[in-house]
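Q: Hi! Could you walk me through this one?
A: Happy to, here it is.

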Amino acid sequence: AFWLGHAERCQYFVGKALQLSFVTERLSSIMITFIHGLISFQMLKRQDTTKLRTVSKNAITSLKAAALHSQWNFQNKVHLLEAEYFSLNGNHEEAN
């Protein structure tokens, strides 16, 4: 749904997936959090809400914690989320 431009629908289902206990106890929760963060940044470009900003900041925080344990796997995702954050705030030099 995300790649087809249905960010709101994707946001809804990712939120539901994060509520499932068997998802949140595994590596998949980190990847879903990453996708949730990406979707939030895309949606923030259209509607700036506190909830979406919180989701995106939490995604960066979670991925930074994961990168401490597996830098080769998660550091690139942290950089992507941080670049989206800087770009959203108009700091395009930092986004590069």
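**Burial and helix packing**

Q: How much of the protein chain is buried?
A: Buried residues (under 20% relative accessible area, 1.4 Å probe, protein chains only) account for 34% of the 96 residues in the protein chain. Keep in mind that this is a predicted model, where local features need pLDDT of at least 70, side-chain atom pairs count only at pLDDT 80 or more, and totals for chains, interfaces and linings use all residues. Residues are numbered from 1 along each chain as its sequence is written, and side-chain values use heavy atoms, with hydrogens and water left out.

Q: Thanks! How many helices and strands are there in the protein chain?
A: Six helices and zero strands, taken as DSSP runs (H or I, at least four residues, for helices; E, at least two, for strands) numbered from the N terminus.

Q: And how do H4 and H5 cross?
A: The axes of H4 (residues 50-69) and H5 (residues 71-88) come within 8 Å and cross at roughly 155°; axes are lines fitted to C-alpha atoms over the stretch in contact, with angles from 0 to 180 degrees between N-to-C directions. That makes H4 roughly antiparallel to H5 (over 145 degrees).

Q: Which residues meet there?
A: On the H4 side they include Ile60 and Leu63, and on the H5 side they include Phe74 and Leu81, with contact meaning heavy atoms within 4.5 Å.

Q: Switching topic, what is the accessible surface of the protein chain?
A: About 6,300 Å², with 55% of that belonging to carbon and sulfur atoms, by the Shrake-Rupley method with a 1.4 Å probe.

Methods
Angles under 35 degrees count as roughly parallel, over 145 as roughly antiparallel, 65 to 115 as roughly perpendicular and the rest as oblique. Buried means under 20% relative accessible area, exposed over 50%, partly exposed in between (1.4 Å probe, protein chains only).
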